[in-house]
Every structure is written in C-alpha cells, then in structure tokens.
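Welcome! Take a look at the structure below, and then let's walk through some questions about it together.

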Amino acid sequence: MPHLFDIWAHPQHQLEPDGDWTTWVILGGRGAGKTRAGAEWVRAQVEGPTPLAAGRAARFALLGETLDQVRGVMIDGESGILAVSPNDRRPQWQATRRRLLWPNGAEARVFSAADPESLRGPQFDAAWSDELAKWRKCREAWDMLQFGLRLGDRPRQLVTTTPRDNAVLIEIMEAKGTRVTHAATGVNRAHLAPDFVERLNERYGGTSLARQELEGELVREHRGALWSRAMIEDARRGAAPELERVVVAVDPPVSSGSGADECGIVVAGVAMHRGEAHGYVLADLSVAGLSPKGWAELAAAAYREWGADRLVAEVNQGGDLVRSVVHGVAPDVAFRGVHASRGKMVRAEPVAALYEQGRVHHVGAFSPLEDQMCSFIAGTSTKSPDRMDAMVWAVTDLILDRRDGAAPQVRAL
C-alpha cells in the first residue's frame, strides 16, 4: 500500500496529466511535494508490472543544479527515488558511473546543470529536471538536454521547481506540448512540521516572496515597468497611521457585461510624516462584470465603510453620466470627476516617483493590483490596467493635487 502512489498523491499536482504532452511542469511552494511527485513519476516510467519487466522508459536523465543536489535530494532524499521504491524494484546507486540501475536493466544517469557540456553525447527517452528556475546555466543545460531526448517513440520530461521569474521556465510553460500543475505549500501540511506553514505565513504572508515560495506562484518582473517588486515590498506596511483624508478612486470601464474591462476601485488615505504627505493604499475592491449601477453601489459602500472624504472617478468616457450614476445610488457622496488629459504612463510616472521616495505604502497585500503595476509598460500592454489607474487617481488626489501645504486635522480610521 505505501508504494501505490495513485492512492496517496495530491491529484491536482502530483499525478501525471492526461492527454498528449511532452513536458510536465510542477510549480509548487516549499514542501508542496514536488520531489515526491518527481521520484514517483520516475518509478512509473521505469518499472514494469513485475520487478524484471520493462517499463515505458529505460534511459533516464536526472538533472539538478549540482551533482550533490541530484544525489542528496532526487536520489537519496527523504522523498527521493530510493526512499519511495519498493525493495524488489529498488535501483542500485553506482557511484563510479554516476547512475542508478534498476533490476529490469533501466538506468538513470546523473547530470549537473552547472556543466551543460556533460549532456552532449548521451541520449535518453525520459528526463527529470529539478529546481530548474535557479540553475545558473539554465539556457545551456536545458538546450543540451533537449538534444539528448531522442530515444523511444515518445520521449517525455518532468520539471519540478519552485517558480522564479526565469525566462527559460516561462518559455517552457508557454510551449506547445507543455502541461503545468501547481500547488501551494499548504496542501501538503500533513507531511510538514505542525506549525511550519503558519509560522512562515505569519512572517512572510502577503509578500511577493510568500507568493513565490509558499503559494508556488510565478511572480514576474518586467523590464521597463515603472514599479518593481522590491519597490512595492519596501512600501508594504502592516497598518496605517491616523489618516487626515481617505478617498475612494474609481476607474470606470467603458462597457459593461461579462467581457468588459474591470472597474478599478481603490481606497487610499494620506497622513503627514515629518512634514511630508505619505499615501497608504488600504483596499483594492476592483471588480469585473458589473453594470454601472453595480460598481457604483460597490464604490459607495466602500466610501461609507472607510469613512471616505471623497469619491474620485475618471469621467473621460462617461462625463456627467458617471457622476449621475454615483449620485443615483448615493446622493450624499462627495464626488470629484477627473479628466485623463495625458497618457497612462505620463500620469503614473509621478506616482511611481513617490513610491521610489518611500512616500506611498501598501497596507497589506494586493496581488492583482501589484501585478498590474509591475507589468504595465507603455506601448506594449494590451489589457487596460484599471486597478493601477484607480490607484494612480487616488494618490494623485491625496498628494500630488494638494493645494495647501498645511496638514488638515488628523482623523482616525
């Protein structure tokens, strides 16, 4: 029973995908069970119905960042190949030849991604690559492996990795014939220390590092974007101070319905710190698929919940219609319409400069908003960054459009 992995596996990420695929990528947080899935997949390829019967693959490549990591994690680790193999099918490690040899004659040769040239010459019908996203010579090692996958009728390969913004990994994931499964650390908590997930979530929860290392998300950086992940992390705060003003900013969609753009709705406040105004992003309530009345009701509810002083909305597309929609559901809302007379990038640059100066902070984590901020590049982005636009309008109203140098009376949330 312990060796019947189909019974124990997490079906969403540890079991081989159906269909016709060439590369299977498992993205997972730390401790999500990637190594176990890799070791069990190797078993499923090389083992036959009996200990001496041939399996689907007979010439395997095991590729990791270093030879020590292949041996220590993929082979000898607690979830490695030797640990998960039943006694009558357990391969022998032949150190001098750097290979595993199974009773049925199948073999797996060990390679280091730090030495791509070692992959020149050998040929395989299957491969397992571990932690590809952190290989220093990722491009060279991956390319050499592909040239070697030329045996059998249908060579296949598995990549297990904690995601990083790695160009090779992204290309692999987007390639035709690739299947991707994904899991957060928490799905495997039964096999981890009792407080491991909670302790790390308490320390890193809401950060980009947690999204990458615990949630197993691919958090991308984009060259040319006004914001970077590091900039936003530096801006993150656990709580806001007493705020002098709070606004709800709305970037209305041009159309409505299921195919419409999102309606950007962001709540932000401002407080004085050593004579400087500092902005605090408090909530991202952006939503798609609502009618004008629907998003106006949501924005008005946020206005009341946060005790806002003003609702700021872009009126380029709707003009007085936006004001009338808002006042139709909430006549008491203090409304300010703003016109976008310049492009998105020009409007966003002064706000990004405030982030660089450490004058805008995120109270908590707003992953979709932050993804838009870190991916918007003028002239290349095809999807409207409605969340980012709403945030820019909020910070502009609170800081950049301040008319007086003195701070109004401080108010508490």
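Q: What volume does the largest pocket have?
A: This is a predicted model, so local features need pLDDT of at least 70 and side-chain atom pairs count only at pLDDT 80 or more, while totals for chains, interfaces and linings use all residues. Residues are numbered from 1 along each chain as its sequence is written, and side-chain values use heavy atoms, with hydrogens and water left out. A pocket is an open set of points on a 1 Å grid over the protein atoms alone where a 1.4 Å probe fits, with protein on both sides within 12 Å along at least five of seven lines. Taking volume as the space filled by probe spheres set on those points, joined across faces, edges and corners, the largest pocket comes to about 670 Å³.

Q: Which residues are the closest to the centre of the largest pocket?
A: Lining residues have an atom within 4 Å of a point. There are 26 of them here, and the closest to the centre are Gly 31, Gly 33, Lys 34, Thr 35 and Ser 79.

Q: Which element gives the most to the lining of the largest pocket?
A: Helices (H or I, at least four residues) and strands (E, at least two) are DSSP runs, numbered from the N terminus. Two elements give two or more residues to this lining, α1 (5-8) and α2 (34-46). With three residues, the element that gives the most is α2.

Q: How many charged residues does the lining of the second largest pocket have?
A: The second largest pocket has a volume of about 330 Å³, and among its 15 lining residues the closest to the centre are Phe 5, Asp 6, Glu 40, Trp 41 and Ala 44. Ala, Val, Leu, Ile, Met, Phe, Trp, Tyr, Cys and Pro count as nonpolar, Asp, Glu, Lys and Arg as charged, and the others, Gly among them, as polar. The lining divides into seven nonpolar and two polar residues, and the charged ones number six.

Q: Why does Gln 45 count as buried?
A: Gln 45 is found in helix α2. Its contacts (heavy atoms within 4.5 Å) are Glu 16, Gly 55, Arg 56, Ala 57 and Phe 60, not counting residues up to four places away in sequence. Buried means under 20% relative accessible area, exposed over 50% and partly exposed in between, with a 1.4 Å probe and protein chains only. Gln 45 counts as buried because its relative accessibility is 6%.

Q: Which residue in β8 is the bridge partner of Leu 27?
A: Strand β1 has six of its six residues buried, with Thr 23, Val 25 and Leu 27 on one side and Trp 24, Ile 26 and Gly 28 on the other. β1 pairs in the parallel sense with β7 over five bridges, and Leu 27 stands opposite Thr 161 there. β1 and β8 also pair in the parallel sense, over six bridges, and in β8 the partner of Leu 27 is His 182.

Notes
Two strands pair if DSSP finds at least two bridges between them.
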